[in-house]
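Here is a short briefing on a predicted model of a complex. It covers the interface, then confidence, then the fold of one chain.

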Amino acid sequence: MSRKQVSLVNIFISSFIAFMALFILGPLIWLAVHAFATSWTYPNLLPDGFTFTWWKTIAGDQELVKSVKNSLLISPIVVLISAVVCLPAAYAFSRYQFFGRKSFLIGMFAANAFPKIGLYASIATLYYTLNLMGTIVGVIIIQLLGTIIFMTWIPAAAFGSVPRNLEDAARDAGASKLRTFWDITFRLALPGILVAMVMSFLASFDEAQGTYLVGVPTIYTMPTKMYALVLNYPVQIAAVFSLLLAIPSVLLISIARKHIIGGQLADGFQIK
Amino acid sequence: MDKTNSINNQESFAVNKTAKLSWFGFFMALPPVLVIICFVGAPILIAAGLSLGFTGGPNRIIALIGQEISTKTHWWGTLDGYKSVINDPRFGGDLRVTLGVTVVATTIVIFMALGMAIYRRVIGGRLATILVSLSLIPLFVPVVISAFAIRTFYDGTGFVKSLLTHFGIDFPTLTMTNSAIAIGTIWTSLPFAILMISSGLQAIPDALIESAQDAGASFIRIIYTIMVPLAFVPIVIATTFTAIGIMGSFTIPYFLGPNQPAMLGVEITNFFNSYNRPQQSVVMAFVIFGAASLIAIFYVWANLRSAKQSGRI
């Protein structure tokens, strides 16, 4: 390409980046400013004044505080159960050939490919019979379903990428099977497992549709409380609550960012 | 072929280790499958029963609580539940909006993701990295927050309208329209499509692209004779998951869409919770399942095709 063409392409790309920055970041920044705004006169581009009142209002609202507590209680439980249920399976998928392996794989993907809201309505129907409607256990199960694919697939890819000759070398040097697993296989697969845990935690923490269908009105988590906030409270309150809700995502993702974008996540979605 | 080998190296980890069947492996892999059988498979079968008017057994309680439930009249059930949904004047509009938004938003998402992923793969550099990192941000934002943020950004007193007013432009209020649903779903679906397609394109060997360039192939030609065919499976996965995700979404259309006609995800929730008509809710769920399974067949076909090519089955 000639120099002129290159600079034209660069201008196009730069303006596209500017558009994407506005498209992606604009709504988030606009929302964040609302959390500190006293009031806002249309069509000004800045609020009339800045304040922390809305943050105090939230801290004083028992129901909102309770939903924060619920979220912080339920999500770790979900991740823990998910790890116990899925990590052995992840290892098995990466290391063993067994009866039904192919059907298991396709079944898991089929489950993940169901349109979420239809699936939740079906589950809620069964929950009436099982007496799980509006219970913590019911919410935990709903959220667990969303974590299975992360907790099985990402660690399976991680276990699979541990070089076999390292394990063989450890065994030759006299390490026991268990020791080889802990010191070699598990340690090398650990980044993948942590990414899976981060993704599972966020999947559970941010799950709103299913939790809303089976938990409300007895159990509110932070995301389901948002439905009420958005429709019935001042914009600023919902904005403050949004920022609170985003804290775990921002923290966890900045820790695990490299691995997630490095392809651990994408590895998990192909039938192998 | 180079491609087959590289895929084999990456993907054959599971296959070549143990040739003999392992019961140990089977039982280790069983727990998540059992969870899925109990809480995905069983509920769907039971809900299918409810949609056909089987109101006994596990559906007994919901049939007692719910209103306007038709009970089976034949050994195989009844279609009255389906008929009542189809005859509801709202349903046609709801279905059209659901399919329309799905097709439009999926098309835009895939083209944007393809464009950015190809740009990053072929040209690369700092601008490409900025562009891709920017587009991945929505992955880390809970969907309730994104829906709410987009709602305030495009509403009657939102940023877009405020800004353009200063230039004397009377921009329409997008919030509570189908355009806003499309914007919201594009916003939330973009990262997954980019990750998927990007990782597919990264697997294409540099040598292949360079030799095509040396042989004088144009940029466009490289895209459609090398990049798209070699990254075909990831592109199909991105497309199917995006489309199915949009079809089954609730929060985005709930916050951003008009009250009527609404996407089926919103109607399913309304019928289940607000109107207490679970049978109609489940019938609509099966309409969505039907549409999604057509898309899913495409996905399974693409996966099997790639598995055959790399000699895994």
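In this predicted model, 76 residues of chain A are in contact with 85 residues of chain B.

**Interface, chain A side**
- Helix 1 (3-34), helix 3 (62-95), helix 4 (101-113) and helix 5 (116-130) of chain A each supply at least two residues that touch chain B.
- Helix 6 (136-160), helix 9 (209-215), helix 10 (222-232) and helix 11 (235-267) of chain A likewise each give at least two.
- Helix 5 of chain A makes the largest contribution to this side, with twelve residues.
- By class, the chain A side has 54 nonpolar, 18 polar and four charged residues.

**Confidence**
- The predictor assigns the complex an ipTM of 0.85 and a pTM of 0.85.
- Average pLDDT for chain B is 85, and 92% of its residues score at least 70.
- Residues 1-19 of chain B stay under 50 in pLDDT.
- For residues 1-19 of chain B, the model has 25 contacts beyond four places in sequence.

**Chain B fold**
- Chain B has 15 helices and zero strands.
- Its C-alpha atoms fill a box of roughly 75 × 70 × 30 Å along the principal axes.
- Of the 313 residues in chain B, 48% are buried.
- Among contacts in chain B with a separation of 6 or more, 74% join residues 24 or more positions apart.

Terms used. Residues are numbered from 1 along each chain as its sequence is written. Chains are lettered from A and ligands numbered from 1 in the order in which they are written. This is a predicted model: local features need pLDDT of at least 70, side-chain atom pairs count only at pLDDT 80 or more; totals for chains, interfaces and linings use all residues. Two residues are in contact if their C-beta atoms, placed from the backbone, lie within 7 Å. Helices (H or I, at least four residues) and strands (E, at least two) are DSSP runs, numbered from the N terminus. Ala, Val, Leu, Ile, Met, Phe, Trp, Tyr, Cys and Pro count as nonpolar, Asp, Glu, Lys and Arg as charged, and the others, Gly among them, as polar. pLDDT is the predictor's confidence in each residue, from 0 to 100. A residue is buried if 20 or more other C-beta atoms lie within 10 Å of its own, exposed if 12 or fewer, and partly exposed in between; C-beta atoms are placed from the backbone.
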